[in-house]
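Look over the chain from one end to the other before reading on.

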Amino acid sequence: IAKDLGLKCVGWIFTDLVPLDASKGTVRHLRHADTYFLSAHEVITAAHLQSLYPNPCKLSPDGVYGSKFVTVIVTGDKNNQVHMEGYQVSNQCQSVVRDKCLIPTKDAPELAYVKESSAEQYVPDVYFKEKDQYNNEVVRLGRPLPVEYLLLDCPVSTPNEPLYTFAVNAAVFPVANRMVEGHLQDFNTLAAYLQKFTDDQFLEAMSDLHVLIFVAAMDMLPLREYIGPLLEAIRYKDRKAALDWKRSEHWATVEQLVMASGGDGALAGSSIDVTGRGATATSSTSSASWTCQHCTFINQTASENCDMCHLPR
């Protein structure tokens, strides 16, 4: 879906936020020089993902070298505030992970372990340098190997004025894979979401990656095979093309299913009543919005957890 929309993966992002004081909106400071910046599991995962997205290079015999794929962590800083940290792993790390030479240790997240050679696989020795208690530089064998030797810092920030790929709608469709009340995706949720838009707003309604993925793969009527023209219309913001696709027999079937599930309004071909049900839905969404005291995200649902950082309200 993302590829058909002209998008490409540039990194992955995850959180480890643990509340410290809910009244102050503070979180625990877990990642620092005395613990770890990335765990061995995370480093190995990052290396694997970087290998999946190599960087084109004309000077390389293989046509690719390294990667621009980044790892971003939303975590707590030394002031117990939410902030972001960005990393990449080195090309050497990519290589040893690609060749299945590096594994995590059992009980120390800051340490990885270079496998020993076996009858099935030859593994060359990997060494690193560090200073001993006498400040002498010594060479150590990478069994175990501190993962900080494999990390590269990347600057990370947020823009003052965000540029959104998709339309920013007041109506929010639930994000997948969040088994929390108010986040479950089903056909009734899709019907309720679509009823908040008029016929003319079909392009805006469908300009949501979560909506598109759900529609493409929903159990009762998957549209992946037919959704191509819609994705092209969204990519180029072509309202006429989107409305043309809306009149296709495949989407007409979805509209009939929405009506059968108790829906009405825009999907049936009539305009939504802005003074009646439509206005009520809008006002209830507005009144239910709240600002997360942890990450300052403005939530549009009345759930007890933040849609952005998942911390409690």
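K100 sits in the loop between α2 (91-98) and β8 (102-104). Helices (H or I, at least four residues) and strands (E, at least two) are DSSP runs, numbered from the N terminus. Although K100 is not a glycine, it has a positive phi of about 60°. Another loop, between β11 (137-141) and β12 (145-146), holds P144. The peptide bond from R143 to P144 is cis, with omega near 10°. As background, most residues other than glycine have a negative phi, and most peptide bonds are trans.

This is a predicted model, in which local features need pLDDT of at least 70 and side-chain atom pairs count only at pLDDT 80 or more, while totals for chains, interfaces and linings use all residues. Residues are numbered from 1 along each chain as its sequence is written, and side-chain values use heavy atoms, with hydrogens and water left out. The pLDDT is the predictor's confidence in each residue, from 0 to 100. For the protein chain the average pLDDT is 86, and 90% of the residues score at least 70. Over residues 263-286, the pLDDT is below 50. Beyond near neighbours in sequence, this stretch has 26 contacts in the model, where contact means heavy atoms within 4.5 Å.

An unreviewed UniProt entry places the feature "domain: MPN" at residues 1-65. UniProt positions are given in the numbering used here, feature names are shortened, and annotations may be inferred rather than shown by experiment. The span of residues 1-65 is 20% helix and 23% strand, and its end C-alpha atoms lie 27 Å apart.

Now turn to the helix pairs. Axes are lines fitted to C-alpha atoms, for helices over the stretch in contact, and angles run from 0 to 180 degrees between N-to-C directions. Angles under 35 degrees count as roughly parallel, over 145 as roughly antiparallel, 65 to 115 as roughly perpendicular and the rest as oblique.

The axes of helix α3 (residues 187-194) and helix α8 (residues 249-260) come within 10 Å and cross at roughly 100°, so α3 is roughly perpendicular to α8. On the α3 side the contact is made by F187, A191 and L194, and on the α8 side by W251, V254, L257 and V258. These residues divide into seven nonpolar, no polar and no charged. Here Ala, Val, Leu, Ile, Met, Phe, Trp, Tyr, Cys and Pro count as nonpolar, Asp, Glu, Lys and Arg as charged, and the others, Gly among them, as polar.

The axes of α3 and helix α5 (residues 209-217) come within 12 Å and cross at roughly 130°, which means that α3 is oblique to α5. In this pair, F187, L190 and Y193 of α3 meet V211, F214 and V215 of α5. The contact has six nonpolar residues, no polar and no charged.

Which way does α6 run relative to α7? The axes of helix α6 (residues 228-235) and helix α7 (residues 239-246) come within 8 Å and cross at roughly 160°, so α6 is roughly antiparallel to α7. P229, L230 and A233 of α6 make the contact with A241, A242 and W245 of α7.
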